[in-house]
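Welcome, and thanks for taking a look at this protein. Let's walk through it together, from the overall picture down to single residues.

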Amino acid sequence: MNYLRREHALTAPAPTASAAAPTRSAREVFTAISGLVVAMFVAVISGTIVSTSMPVIIADLGGTQSQYTWVITASLLATAVSTPIWGKLADLVDRKILIQLALVLFTVGTVIAGFSTDTNMLIAVRVIQGLGVGGLMSLVMIAVALIISPRERGKYMGVVGGIMALGTIGGPLLGGVLTDAWGWRSNFFVGVPIAIVALILLQFTLHLPKPQRGTKVSIDYFGIALMAVGVSLLLIWVSMGGSQFEWDSTTSWALAVTSGVAIVAFVIVEFFVKEPIVPMTLFKNRTFTLSVVASIGVGVAMFATSVFLAQYFQLARGATPTESGLMTIPMIVGQMGASIIIGQLVSRFGKWKGWMVTGAVLIIAGVSLMSTIRYDTEFWLVAVFMVVLGMGLGMTMQNLTLIVQNDTPATQLGAASSNVNFFRTIAGTIGVTIMGSVLATQVADYLKGDLSTFQPTSQGEVDALQHLASGNVPAVSSLPDTIRAIVEGAYGHGIADVFLIAIPLAVLGLIAIAFLPNKKLSTKSAGDELREQAEESVIEVAEAEIGAAATGSITALRPASGEQPTTATGSVAVLERADAEDDSERTR
């Protein structure tokens, strides 16, 4: 009986440890992530450069305290809504193109913001900026996870953190100098050359594995729409309730009910669509679920300090934008110093749980201390409070993303990473919105009480009182001394009150972190895992083909006498009976 031999060559041999995880030198790693670092730098500096100038910007554009909050909230809202979308797209399409698109979107929005003619235009343009930031914050961390293993990531992210510290510390200082010298509009244009450099570096240095998808890309457009409607209406309801409309009004109920229905519908839709924006199966993972809960407390503390510290220094202490930038250095030093040092220690020893618990405790201490500040609190004491809070944030923020990436399948890396950032941003956005409303109410109450017995004695005092009655954010430096002291006292006390809201959420974060599974950090990058999965898939396909061909027509090949059986390493031999010959034998 005759047999025909058919060779099925495998596209790759079985992976070995060395083949699956090629060793990269530090120089190769830094070259690969150079474009990512510059992209993050331009996003950070473009955001922080206006932080100290924001009170001046709002005052110049004639904005109110509510509009001040919405300038911040609009960007955070767009960031929050777009983050899981970018993350899911990263699991489906070319990640490099997505990063470049996010950077272009952010840069265009930043430039247009520099031409704003009123606060409403600025709020609208901040939405475009937020869409770009959502992509950068999500996609950069995903790209890093594809290149560097969790165990080694802290070593490199420590250096990256130092570069980010330059943008975070230098941004407010540069923004203050530019505002005092050439006006606040110059702040929006300074990052454009850096963004161009980042795009060039990304094009030539960043090489990421393509998503392993054998089917057509399916995007959950319905889920995106429901999430955007639900979250947006929720934030509008929270921010405007009690000021633009009564809580028990028809408008309030309509916003609340519509938001609730949209969010519930979004959750239901995510269970049934092919590629959900927020895969509900992720919540079966204990690490992911607890990290989301912890992100709520971290997000509120992080966004509250970034938004309200500039107001505290300029409106409660009468600092200029440049001075305000200098005053925030203790906060940044504490945050970035802890991030760099703890990142190095996590990489060296592989231990992360103790540092995160310590960080959560420091966050509680930091927000509690910040709730005691007043307009005349000694600056060295405020600096200590900022360092404590900054250290807590530095120990927890990046590590929350790290441990989720460490405990998530590589095929869901984008969705898991981005959704941790999503819930942190959502919590921070809602927290800042509520805090902004509380601040406006508290400041109005304190001013009303302190000015109730005040008698103006000059036309300047009369004009200042009329300006305060309009609800607009005041230019403190131009107020008469008698009224200025009252305004500074009101803002100092009001800003301290808003930090009280962050305390119970910080406690919730500590509880969630305490119950996180203490899983060992992997030494494989997500890219290595994807390659191994691809190789395993090839082997399975080849074996399936062999099995399909063996339906009654393959017999075992016995070695000739004296020969030893051989094992195929690069190919699989399939034996088929020659049907034509067999038929001819049957007719004989």
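What share of the contacts in the protein with a separation of 6 or more comes from residues 24 or more positions apart? The value is 84%, where contact means heavy atoms within 4.5 Å. Please keep in mind that this is a predicted model, in which local features need pLDDT of at least 70 and side-chain atom pairs count only at pLDDT 80 or more, while totals for chains, interfaces and linings use all residues. Residues are numbered from 1 along each chain as its sequence is written, and side-chain values use heavy atoms, with hydrogens and water left out.

The protein holds 21 helices and two strands; helices (H or I, at least four residues) and strands (E, at least two) are DSSP runs numbered from the N terminus. Of its 588 residues, 52% are buried, meaning under 20% relative accessible area, with exposed being over 50% and partly exposed in between (1.4 Å probe, protein chains only).

Now for a helix pair. Helix α5 (residues 95–113) and helix α8 (residues 192–205) have axes that come within 10 Å and cross at roughly 170 degrees. Axes here are lines fitted to C-alpha atoms over the stretch in contact, and angles run from 0 to 180 degrees between N-to-C directions. The two helices are therefore roughly antiparallel, a label for angles over 145 degrees. On the α5 side, the contact includes Ile99, Leu103 and Val104, and on the α8 side Ala195, Leu199 and Leu202 are among the residues involved. By class, the residues of this contact are nine nonpolar, three polar and one charged; Ala, Val, Leu, Ile, Met, Phe, Trp, Tyr, Cys and Pro count as nonpolar, Asp, Glu, Lys and Arg as charged, and the others, Gly among them, as polar.

Next, turn to helix α10 (residues 250–272), where Ser259 sits. Ser259 is buried, at 3% relative accessible area, and touches Gly230, Leu233 and Leu234, leaving aside residues up to four places away in sequence.

Finally, a search of the whole structure finds one salt bridge, defined as a side-chain nitrogen of Lys or Arg within 4 Å of a carboxyl oxygen of Asp or Glu. Arg484 pairs with Glu488, and their closest N and O atoms are 3.0 Å apart. Both lie in helix α18 (residues 481–498), four residues apart, about one turn of the helix. Arg484 is partly exposed at 22% relative accessibility, whereas Glu488 is buried at 11%.

Methods:
Angles under 35 degrees count as roughly parallel, over 145 as roughly antiparallel, 65 to 115 as roughly perpendicular and the rest as oblique.
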